[in-house]
Amino acid sequence: MWPSDDFSSDHLCHPDVWELLPWYVNATLEGPELERVAARVSSCPSCQAELGRCRELAAAIRAQPEPAWAASPERLLRAHAQIHAAEGASRWRSLLGEISRWFGLTPPRIRWALAVETALVVLLVVAVTWQAMTPSRSLYRTLSSETPGSSAQAGDLRVVFSANMTEQELRELLMRVDAHIVDGPSPMGVYTLRLTSATSAEDRTPIALETLRMSPHVALAERVGAAAVPSSSR
Amino acid sequence: MESEPDDRELIHRVAAKDRQAFETLYHRYGRRIFGYLWRQLRRREVAEEVLDDVMLVVWQSAGRFKEGSRLSTWLFGIAHKKALHAFRRLARSSPEDTRALEESPEPAAADDPIQGVERRELREALGRALEGLSPEQRTVVELTFYEHRSYQEIAEITGARVNTVKTRMFHARRRLAPLLGRLHG
């Protein structure tokens, strides 16, 4: 059918026609090229033979079966899903690209200032977020909470006296519980009392607290660091 | 009843992100592009995967379609690039796999058993012969004889010069000649 020896030798007589034969076969040649090939094929036996081989090749290729395929709803769904995923990714890329492009257009000095500002804003956001997400005693303080910078120690007592208490009544109460004021009043009117260390302060603390809470001149009495219990709840 | 949009209107609507138009385009060209990809790659799942990639590019780049071009030429151009890329990726990942290609599905049985055997032999010989071509040569042969494309269109699809297209076809024919000749010898 297709003598390979002839292929190299025969085409040399009309190479310009031979190279166009496949497109003469598929009917896409036009104008002068079509006329030239048609004329040569009608007069040259060698070109006619090659044209026949080209036609056989074309027919054989077209006769090749291929697997069945249809644009099913599942395939369309898959195509839409791929588009959706790609668009999501490209929105981020385009936003970053836009920021980067805009950043590149600014003068270097402003660029650095913006970079530092951005870093500070990011740090601030991180710090605020961290604080908001971390339970912190500094955000909610009771009267008995330790005050930063105060001289209070563990075992000390926080006390709020009533406004009508006289200085003498205060002195008598302090002597009764064997304590002295080490800090206060705070802006909220809280005093810090410390039991006299001559005796075991730790052992006497519950009694002193009880004595203070029983006094009509004490609005609140708590250990430092303990949750506040208003004197009314006694 | 609303008539089907022509290719130009269709691609403009796709460029405007009209999903209905995209589906129409998929229905209109999906089968042909899949066939082209399958003949290039000879693997159904790979051809389907590449078809999805082609359609994604169509969706994203429809606005870049040049007026005056044929939509099918533009689509085949995208498919050609994606197929070449897939072919090279396959060749890199497992070189022997590019030779162990899927068999062509069996065509409808011929009435004459002898004719049926000859046809099968011809098909198998041709399949082997086509596999022996470079991807670029195979592309030119397929686009010419299967898709009936002019050499100018093939140049546009493949991004090659017209003379390069003719040269590839010439070498492909020379390589196919002895194989087909042996079948009938």
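## Salt-bridge network

Glu66(A), Arg31(B), Arg32(B), Arg39(B), Glu142(B) and Glu147(B) are joined in a network of salt bridges. The model is predicted. Over all chains, the structure holds 25 salt bridges.

One link of chain B pairs Glu147(B) with Arg39(B), with the closest N and O atoms 3.2 Å apart. Glu147(B) has a relative accessible area of 10% and is buried. Arg39(B) is also buried, at 2% relative accessibility.

## Other salt bridges within chain B

Arg70(B) and Glu153(B) form a salt bridge whose closest N and O atoms are 2.5 Å apart. Because Arg70(B) is in the loop between helix 3 (44-61) and helix 4 (71-93) of chain B while Glu153(B) is in helix 7 of chain B, the pair connects parts 83 residues apart in sequence. Arg70(B) is partly exposed, with a relative accessible area of 46%, whereas Glu153(B) counts as buried at 12%.

A further salt bridge joins Glu4(B) to Arg28(B), with 3.4 Å between the closest N and O atoms. Glu4(B) sits in the segment before helix 1 (7-15) of chain B and Arg28(B) in helix 2 (residues 19-41) of chain B; the two are 24 residues apart and link distant parts of the chain. Glu4(B) is exposed, at a relative accessible area of 58%, and Arg28(B) is partly exposed, at 28%.

## Extent of the A-B interface

In the interface, 40 residues of chain A are in contact with 52 residues of chain B. The two chains bury about 4,600 Å² between them, and 64% of this is on carbon and sulfur atoms. On the chain A side, Trp23(A), Gln64(A) and Trp69(A) lose the most area to chain B, together 17% of what that side buries.

## Polar links and the chain A side

Between chain A and chain B there are seven salt bridges. In one of these, the side chains of Glu19(A) and Lys166(B) meet at 3.8 Å, N to O. Across the interface, 18 residue pairs are in polar contact.

Helix 1 (4-10), helix 3 (21-25), helix 5 (45-62) and helix 6 (73-105) of chain A each supply at least two residues of the side that touches chain B. Helix 6 of chain A gives the largest share of that side, nine residues. By class, the side of chain A that touches chain B has 24 nonpolar, eight polar and eight charged residues.

Technical notes: Residues numbered from 1 in each chain as written. Chains lettered and ligands numbered in written order. Predicted model: local features only at pLDDT ≥ 70, side-chain atom pairs only at ≥ 80, totals over all residues. Heavy atoms only, no water. Contact = heavy atoms within 4.5 Å. Buried area = accessible area lost by both parts, 1.4 Å probe. Salt bridge = Lys/Arg side-chain N within 4 Å of Asp/Glu carboxyl O. Polar contact = N/O pair within 3.5 Å; in protein donor to acceptor, adjacent residues only side chain to side chain. Helix = DSSP H or I, 4+ residues; strand = E, 2+ residues; numbered from the N terminus. Nonpolar A, V, L, I, M, F, W, Y, C, P; charged D, E, K, R; others polar. Buried < 20%, exposed > 50% of the residue type's maximum accessible area, 1.4 Å probe, protein only.
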